[in-house]
Amino acid sequence: MKTSRRVFLSGAGMLAAAAFAAPARAQDVIMEVLQSNRRGNWDDTFDARASDGGKVATNLPIFSPQTISYIQQAIGQYSNIVAQGGWPVVPATKKLQLGVVDPDVAVLRKRLMISGDLSTSAGMSESFDTYVDAAVKRFQARHGLPVDGVLGKYSYAALNVSAQTRLGQLQTNLQRLQSQAQPVGRYVMVNIPAAQIEAVENDRVVLRHTAIVGKIDRQTPILNSAINEIIVNPYWNAPESIVRKDIIPLMRKNPQYLAENNIRILGPNGEIDPATIDWNTEDAAKFRFRQDPGKINAMASVKINFPNEHATYMHDTPQQTLFDKLMRFDSSGCVRVQNVRDLVTWLLRDTPGWDRQRFESTIKSGENMPVQLAVPVPIYFAYVSAWSTGDGVAHFRDDIYAMDGVSELQLSQAL
């Protein structure tokens, strides 16, 4: 999955060919920016048509022929932007938001116009008006940032990635999607850099879930499998890596850690008293650590299983506040799912006797209950850091695992 800089930065021939494919309006966008009339105070009436491009929200799956077609269109548009000199760097020195009047806003307007987030009809001005507010929110939505209209460090970092680098990111991810067999029917897709999950049916996203994926040093793997089992009120068996890296150090600090978290140590002859283990060594790593079902269980109410060589799975979590974080790369490789009960209900739809009511009542009972899916549902863990969902709607995400080949795209590492 590593992509060399040579592949990432395409040759002049590809760039020129793509430029001819770009829409006519993109060819003149920079001249339109420069020739625009000055206009707009912050209290001007909002015009929803101030954006040139389509809507950011969509039910189009990332895995679809349409997405590939839209990426190819985006490559044409970005090739043309690069050929015309790219976009300006917006000074990242101030907190720009609705109501501010500042010379940097004029630079911001030009930047947003060139990328298609702000219509050239909004004009050039130093006022951060409602047109600019809507354009910034659109830009933030395309980049997976909080849609608040306020320019903070992450928004500035995303704004100031060069057009050439974004073009290369689109080309890299086009290759990834073209090499992926297009799934049919019902399936689940986990997009790792977006930390997002799509449940797809009839070529449309029917559920979209925020996810938490693996840390940089404990990466979520790329894999294809099929969901075959749901475990309600699961036991959690700590992997040896977590025993070594987390549990043993915690026990050295707090000898009551296991008891407080309902974790038992199981050996070949049954349960082992933690007091009999020397925690200054790593002897404990040879035993199995199992956490009882319950509200503080690491997987909370449910675990979603599928065969794979990485021992990776999806699950609920008692730490719901983690879903509010911007950078949701906090797990040890498995995937935590927000509103996971909705996803499980959808997965169990074709399994007789397992409607939402029974699922919820089983959770309340606290009973550990494995459920085999009557019809396994394919699942794909993919690494897609750039894609497009429509004409003028290119999405970009942080290259968290450095698979795109250019350090400039690892925004979270630089901030």
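Contact here means heavy atoms within 4.5 Å. The model is predicted. Its protein chain holds 14 helices and 15 strands. Of the 415 residues in the chain, 51% are buried. Among contacts with a separation of 6 or more, 70% join residues 24 or more positions apart.

**Helix α10**

- Helix α10 covers residues 240-253.
- Its 14 residues should span 20 Å at 1.5 Å a residue, and the end C-alpha atoms lie 19 Å apart, so the two values agree.
- The helix α10 bends by about 35° at I247.

**Helix pair α5 and α9**

- Two packed helices are described by the angle between their axes and the distance between the axes.
- Helix α5 runs over residues 65-83 and helix α9 over residues 163-179.
- Their axes come within 9 Å and cross at roughly 160°.
- Angles over 145 degrees count as roughly antiparallel, and α5 and α9 are therefore roughly antiparallel to each other.
- The crossing of α5 and α9 is left-handed.

**Residues at the α5/α9 contact**

- From α5, the residues that meet α9 include I68, I71, I75, Y78 and V82.
- T67, Q72 and S79 of α5 are also among them.
- From α9, the residues that meet α5 include L167, L170, L174 and L177.
- Q164, R166, Q171 and Q178 of α9 also take part in this contact.

Conventions: Residues numbered from 1 in each chain as written. Predicted model: local features only at pLDDT ≥ 70, side-chain atom pairs only at ≥ 80, totals over all residues. Heavy atoms only, no water. Helix = DSSP H or I, 4+ residues; strand = E, 2+ residues; numbered from the N terminus. Expected span 1.5 Å × (residues − 1). Bend = angle between axes of the 7 residues up to and from the residue. Axes fitted to C-alpha atoms, helices over the stretch in contact; angles between N-to-C directions. Parallel < 35°, antiparallel > 145°, perpendicular 65-115°, else oblique. Left-handed = near helix turned anticlockwise from the far one by under 90°. Buried < 20%, exposed > 50% of the residue type's maximum accessible area, 1.4 Å probe, protein only.
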